[in-house]
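This briefing is meant for a reader who is meeting the structure for the first time. Please keep the sequence and the 3D view at hand while going through the points below.

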Amino acid sequence: MRTSENSHKLLEEVYKSLFLIRHVEEKICDLYPTDKIKSPVHLSIGQEAVSVGVCKALTREDGVMGSCRGHAMYLAKGGNLKQMFAELYGKRTGCGKGRAGSMHLADVQAGVIATSAIMASTVPLAVGWAYAQAYQNTGNIGVCFVGDGALDEGCVHESFLFAKQKKVPILIVCENNEYAIHSHFLTRHPSKDYILNWASSYEMKCKRFEDDDPLALYDYVGGVADELRSGSGPQFIECYTSRWKEHVGPGDDFKLGYRGTEEVEKWKRKDQLIRIGKLLKPTVKQKIEQNVLKEIQEAVEFAECSPFPKPTELYENVYGGENE
Amino acid sequence: MSRIISYPEALKEAMTLEMESDEHVFILGQGVDDPKAILGTTAGILDKFGPKRIFDVPLAEDGITGIALGAAIAGLKPIHIHIRNDFLLLAMNQIVNMVAKMRYMYGGVHTAPMVIRATIGKSWGQGPQHSQSIYPMLMNVPGLRIVAPTTPYDAKGIMAASIRSSDPVIFIEHRSLYYQKGDVPKEAYALPFGKARTLAQGDDVTLVGVSQMAIECLRASKCLNEVGIHAHVIDPVTISPLDIDTILTSVKKTKHLVVVDNSWLPGALGAEIIAACHESQDCDFKSLRLGFAATPCPTTPSLEDAFYVDGVSIAKKIYHMLRHDSDWIPNTIIHREEVEFKGPF
C-alpha cells in the first residue's frame with residue numbers, strides 16, 4: 001500500500017478537495033440560468049483529480065499556473081472560495097475585483113499565481129515565475145497545468161527549452177482530456193505518444209498517467225517536488241482525464257456528435273470522487289460533505305451580497321503610481 | 001558631474017547603476033553577453049555582475065517575453081533586449097495579451113516591472129524586416145508605457161525610470177541615434193514619464209519628431225532658419241503617456257503642427273497628436289503628418305532615400321505649408337556635428 005493510502009488525514013483532504021471542486025462546479029451550473037454569473041465558465045467537472053493529486057503534494061508557497069479551465073487548480077491549491085464566487089459574479093470583492101471573471105482567477109497568497117484565456121500563455125509565465133524562485137533561493141517550485149491542445153503552441157516549446165537550459169524548478173502537467181474544444185487529439189497529432197516524445201526530446205524526466213488517480217499523482221509529485229527543489233531541472237507529467245461538460249458552459253454537448261457518451265461514461269464509472277469517498281468512514285465523509293456544502297453556500301451568499309465595482313473604478317490598476 | 005558621452009554609453013551607464021543598486025535587476029536577450037554587446041550597450045556588464053545577472057537566450061521571443069514576465073511578477077526586474085523592433089512582432093501575444101494586462105486583469109495583485117528594449121534599424125540595407133517601428137501598434141494597448149528617447153541625457157534618465165517603474169516599459173531606440181553624443185551626469189538620475197523635451201524654440205511652426213526623427217527635425221529647423229522660419233522642435237520622449245500639453249502650448253502660438261513619425265502614418269503618433277490637439281481646445285491650426293512612405297522599406301539606397309523623410313524634405317514640406325511654394329530648396333548643408341543635439345536641457 002502506498003504512503004498516501006495510509007494517511008487518513010491526506011485521504012480526507014483529497015476527498016474534501018474533490019468534493020469541493022465538484023460541488024462548486026455544480027453550483028455554478030445551478031446558478032448559470034439566473035445570469036448572475038457574469039463570465040464564460042470552462043468547468044472542471046471530470047478533471048478535478050489531476051489538480052487535487054498534484055496540488056496536495058505542494059507547499060502553500062509553491063506556485064501554480066494554468067488555463068481558463070482553472071477552477072479545479074484554483075480550489076485544489078487553496079484559493080479563496082468566497083473571492084472566487086464573488087469574481088464569477090463580477091463583484092469588487094472578487095479575487096480580481098471583477099476584472100478577471102472565471103478565466104483569470106488568481107490567489108497569490110495561496111500560490112495560485114495566474115490563469116489565462118490565451119492557451120499556453122501561462123506556460124512561459126510559470127517558467128519565469130519558477131526561474132525567479134531559484135534566482136531568489138526561495139526553495140519554492142512552480143507547476144504549470146496545460147491542456148493537450150495548448151501544448152501545440154510555440155511558446156510551450158520555447159519554455160521547455162529555457163527551463164531545461166536553466167534547470168528551472170518547474171513541473172509541467174499536461175491534463176490530456178483528448179479534446180481541443182471539439183477536436184480529438186489524434187486529428188491534431190500523428191500518434192498517442194506525441195506529447196511524451198516532445199517532452200522527452202527536451203531531456204526532461206517524463207511520466208504518463210493513464211488515469212487520474214489523485215493518490216498516485218500525489219505520491220509521484222511528492223518525489224518530483226523534492227527533486228525540483230534540489231535543482232535537478234524541469235519535469236513533465238502527462239495525465240489522461242476527461243471533461244464531462246461542454247467546452248464552455250454548464251451543459252453537456254453529446255448532441256454535437258463529436259464524441260460518444262461511452263467515452264465519458266467509462267470515466268464516470270471510475271469517478272475518483274466516489275472511489276476516494278469509499279476509502280473514508282461514512283461519518284467522516286458525511287461531515288466533510290456537510291462542511292463543504294456550507295462553505296459553498298456561504299461563498300454564494302458572500303458573492304450575492306457584495307457590491308459591483310463602481311464605474312469610477314474603471315481606470316484602477318491600468319498603470320502604477322503617477323509619480324513613478 | 002557632467003561630461004560628454006554617447007547614446008549607447010548612456011544606456012549602459014543607466015543599466016549598470018540600476019543593477020548596482022537593485023540586485024533584482026537582470027538582463028536577458030539574444031546576444032546580450034556576446035562580444036558585440038548589443039552595440040556596446042551591455043559591454044562590461046557580464047564581467048561586473050556575472051552570468052546570473054546577464055545571459056543569452058534561445059531564439060524564442062514570445063516564450064522569453066513570457067518568462068521575463070513570470071520573473072517580473074515574482075519580484076525580479078528583467079530587462080529584455082531585442083536588437084531590432086521587428087523581432088518584437090514574434091512576442092506580440094505575450095506583450096499585448098499578458099504583459100500589458102498583468103496588473104489590470106488580476107485586479108492589481110500582480111505588477112510587471114520589466115523593460116523591453118528594442119532598436120529601430122535604418123540604412124545600410126536594413127530593408128523590409130530590420131527597419132520597422134513597433135510603437136504605433138503598441139500605443140493602442142493600455143497598460144504599457146512606451147518611451148523613445150533621442151538624446152543621451154534622456155536615454156539615461158528614462159532608462160533609470162523604466163527600470164524603477166512597476167509598469168512594463170517598451171523602450172524604443174534607434175540605430176542612428178547611437179552616434180549621438182551629449183552632456184550626461186555621471187550619477188544616477190531618473191526622468192519622469194510623460195514629459196516632452198523642447199529641442200529648439202520657435203514661433204512659426206510646431207515640429208514634433210519621434211526618436212531619430214527629432215534629429216531630422218532639428219536639421220529641418222536649421223534649413224528653415226535661413227528663410228526666417230523658426231520651428232519649435234519637440235521630442236515627445238514618452239509616447240505613452242504622451243505629454244500633449246507641451247505640444248499644445250506651442251501649437252497655440254504657431255498655429256501650425258507637423259509631426260514626423262518614425263513609422264508609417266496610419267494610426268501612428270502623428271494622427272494621435274493632431275487628433276488630441278484638436279480635441280483639447282478650439283485652437284484652429286494647420287497640420288501635417290510625415291513619416292515612412294506607404295511601402296515596405298526598400299533595401300537599395302536609391303529607393304530608401306525616397307522612403308524616408310529627412311531634414312531637407314521636412315523643411316521643404318514646412319516651407320510649402322507656410323509659404324505655399326514647393327520649389328524652394330534649402331542652401332544649408334547639414335553638418336551632423338553642428339545640428340546634433342548636445343545639451344541636457
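This is a predicted model: local features need pLDDT of at least 70, side-chain atom pairs count only at pLDDT 80 or more; totals for chains, interfaces and linings use all residues.

## A helix and its surroundings

In chain B, the buried residues of α10(B) are covered by elements that include α6 (135-138), β10 (205-209), β12 (238-240), α9 (244-254), β13 (256-260) and β14 (286-290).

**Helix α10 of chain B**

- Helix α10 of chain B takes in residues 269-280, which makes 12 residues, and its span of 16 Å from first C-alpha to last is close to the 16 Å expected at 1.5 Å a residue.
- The buried residues in α10(B) are Leu269(B), Gly270(B), Ile273(B), Ile274(B), Ala276(B) and Cys277(B).
- When the helix is viewed down its axis, the buried residues of α10(B) fall within an arc of 160°, so they line one face of the helix.

**Chain B as a whole**

- Chain B is built with 13 helices and 14 strands, and its C-alpha atoms fill a box of roughly 60 × 40 × 40 Å along the principal axes.
- A compact globule of 345 residues would have a radius of gyration near 20 Å, and the 20 Å found for chain B agrees with this.
- Of the 345 residues in chain B, 63% count as buried, while the chain exposes about 12500 Å², with carbon and sulfur atoms supplying 54% of that area.
- When contacts in chain B are counted between residues at least 6 apart in sequence, 82% of them join residues at least 24 apart.

**Chain A as a whole**

- Chain A has 13 helices and eight strands, and its C-alpha trace spans about 60 × 50 × 40 Å along the principal axes.
- For 324 residues, a compact globule would have a radius of gyration near 20 Å, and the value of 19 Å for chain A agrees.
- In chain A, 55% of the 324 residues count as buried, and the accessible surface comes to about 13300 Å², of which 51% belongs to carbon and sulfur atoms.
- Among the contacts in chain A with a separation of 6 or more, 74% are made by residues 24 or more positions apart.

- The side chains of Asp154(B) and Arg197(B) make a polar contact at 2.7 Å.
- Apart from neighbours within four places in sequence, Asp154(B) is in contact with Pro149(B), Met159(B), Leu191(B), Arg197(B), Asp235(B) and Val237(B).
- Arg175(B) sits in the loop between β7 (169-174) and β8 (181-185) of chain B, and with a relative accessible area of 14% Arg175(B) is buried.
- Although Arg175(B) and Arg84(B) are 91 residues apart in sequence, their C-alpha atoms are 8.8 Å apart in space.
- Beyond four places in sequence, the residues in contact with Arg175(B) include Leu39(B), Arg84(B), Thr119(B) and Trp124(B).

**His189 of chain A**

- His189(A) lies in the loop that runs between α8 (185-188) and α9 (194-201) of chain A, and its relative accessible area of 6% makes His189(A) buried.
- A polar atom of the His189(A) side chain lies 3.0 Å from the backbone oxygen of Phe185(A).
- Not counting residues up to four places away in sequence, His189(A) touches Asp148(A), Asp152(A), Tyr194(A) and Trp198(A).

Key:
Residues are numbered from 1 along each chain as its sequence is written. Chains are lettered from A and ligands numbered from 1 in the order in which they are written. Side-chain values use heavy atoms; hydrogens and water are left out. Helices (H or I, at least four residues) and strands (E, at least two) are DSSP runs, numbered from the N terminus. The expected span of a helix is 1.5 Å times one less than its number of residues. Buried means under 20% relative accessible area, exposed over 50%, partly exposed in between (1.4 Å probe, protein chains only). The arc is that of the directions from the helix axis to the C-beta atoms. Contact means heavy atoms within 4.5 Å. The radius of gyration is taken over C-alpha atoms; the globule rule is 2.2 Å times the number of residues to the power 0.38. Accessible areas come from the Shrake-Rupley method with a 1.4 Å probe; for residues, only the protein chains shown count as cover. A polar contact is a pair of N or O atoms within 3.5 Å; within protein, one must be able to donate a hydrogen and the other to accept it, and residues adjacent in sequence count only if both atoms are side-chain atoms.
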